[in-house]
Amino acid sequence: MSGDLLPLLARRPPYSDGEGTSQSQSFRAQNKATDAGKQASAHRLDRRSKRNRNTASQNGSAKAMLPLEDKRVLIIVPAYNEQACIGQVIDGIKDSVSFADIVVINDGSADATAAVARGSGARVLDLPHNLGIGGAVQTGYKLADRLGYDVVVRLDGDGQHDPSAIPRLLEPVLYGATDVAFGSRFCEQRAGAYRPTRFRRIGIQFFAALITLITGQQTFDATSGMLCANRAAIRCFARYHPQDYPEVESHILLHKVGLRKMEIPVTMNPRIAGHSSINLLASIYYAFKVSLALVIRSRQHLDPLPKE
């Protein structure tokens, strides 16, 4: 599959034939495309983006504070029908980590998600069909692995993940303290933090307890999709990334392959547009299937990761 990834970027000029840096530079070299649809971005996320810029200014340059050296960082943003949010998400990423490359994995969107993302300066990888969140995110990891990125940060395209938290996730990974840093809503109480509904919170706590039991490592937020992964974790996710319940199963996967993880407190926001596809009945079914998937994943044999 990885050999077929680059042609999916064909709507923009292809990568150069060179490896490594020349391919990465093609992300930065593209011209602005259409701004159509950016006005649809919600005002609340715009206010958060302005607040994030002020925070970045107060704290100094993230690039100066992080041990980047020659590290190449890719931000992957899976998105499905997120035209109302994606532009401001990309703006927030650029404000927070201007040194990173950004690729939006457009998972078969029927709206203007791809056009808005390109108009905001991100590279877009258009999937020909909707693969679901697991397949879309794995596509991003496969791309990062193929192009030799050292670090990947994953953010969702719906505005729930705050881009200003990216430097906090990068820090322990770049310093070698962990292989994967998860953005966590529950490992520390934060003033003004978004709180999910009671029913959803109970489900998250149940999955966290189950993961803790299986892995022996305390887990607080089992369903966070905001994370930062080093080169070893990129290769792991490129090969084994879960398809159905990736956020929850990823904790078990990392345990199985012997990679380290930690949780970093972050603030997340409610969706600013669209709605969740999970209702009460679907949540009960989801809880049963995820629990079963976790048990199966914990007993699954995985071949060793190929050497670099």
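Biologist: Which residue follows α6, and what is its phi near?

Modeller: Happy to start there, with residues numbered from 1 along each chain as its sequence is written. This is a predicted model, where local features need pLDDT of at least 70, side-chain atom pairs count only at pLDDT 80 or more, totals for chains, interfaces and linings use all residues, and side-chain values use heavy atoms, with hydrogens and water left out. Helices (H or I, at least four residues) and strands (E, at least two) are DSSP runs, numbered from the N terminus. The residue after α6 is Gly148, with a positive phi near 75°.

Biologist: How far apart are the end C-alpha atoms of helix α6?

Modeller: The expected span is 1.5 Å times one less than the number of residues. Helix α6 has 16 residues, 132-147, and so should span 22 Å. In agreement with that, its end C-alpha atoms are 23 Å apart.

Biologist: Is α6 largely enclosed or largely open?

Modeller: Buried means under 20% relative accessible area, exposed over 50%, partly exposed in between (1.4 Å probe, protein chains only). The buried residues include Gly134, Tyr141, Lys142 and Leu147. Since 12 of the 16 residues of α6 are buried, the helix is largely enclosed by the rest of the structure.

Biologist: Which strands stand at the edges of the sheet?

Modeller: Two strands pair if DSSP finds at least two bridges between them. The open sheet has 7 strands with mixed pairing, in the order β3-β2-β1-β4-β6-β5-β7. Each edge strand has a single partner, so one side is left without a neighbour in the sheet: these are β3 (123-126) and β7 (261-265).

Biologist: Which residue of β3 is the bridge partner of Ile105?

Modeller: Strand β2 (residues 101-106) runs parallel to β3, joined by 4 bridges. The β3 partner of Ile105 is Leu125.
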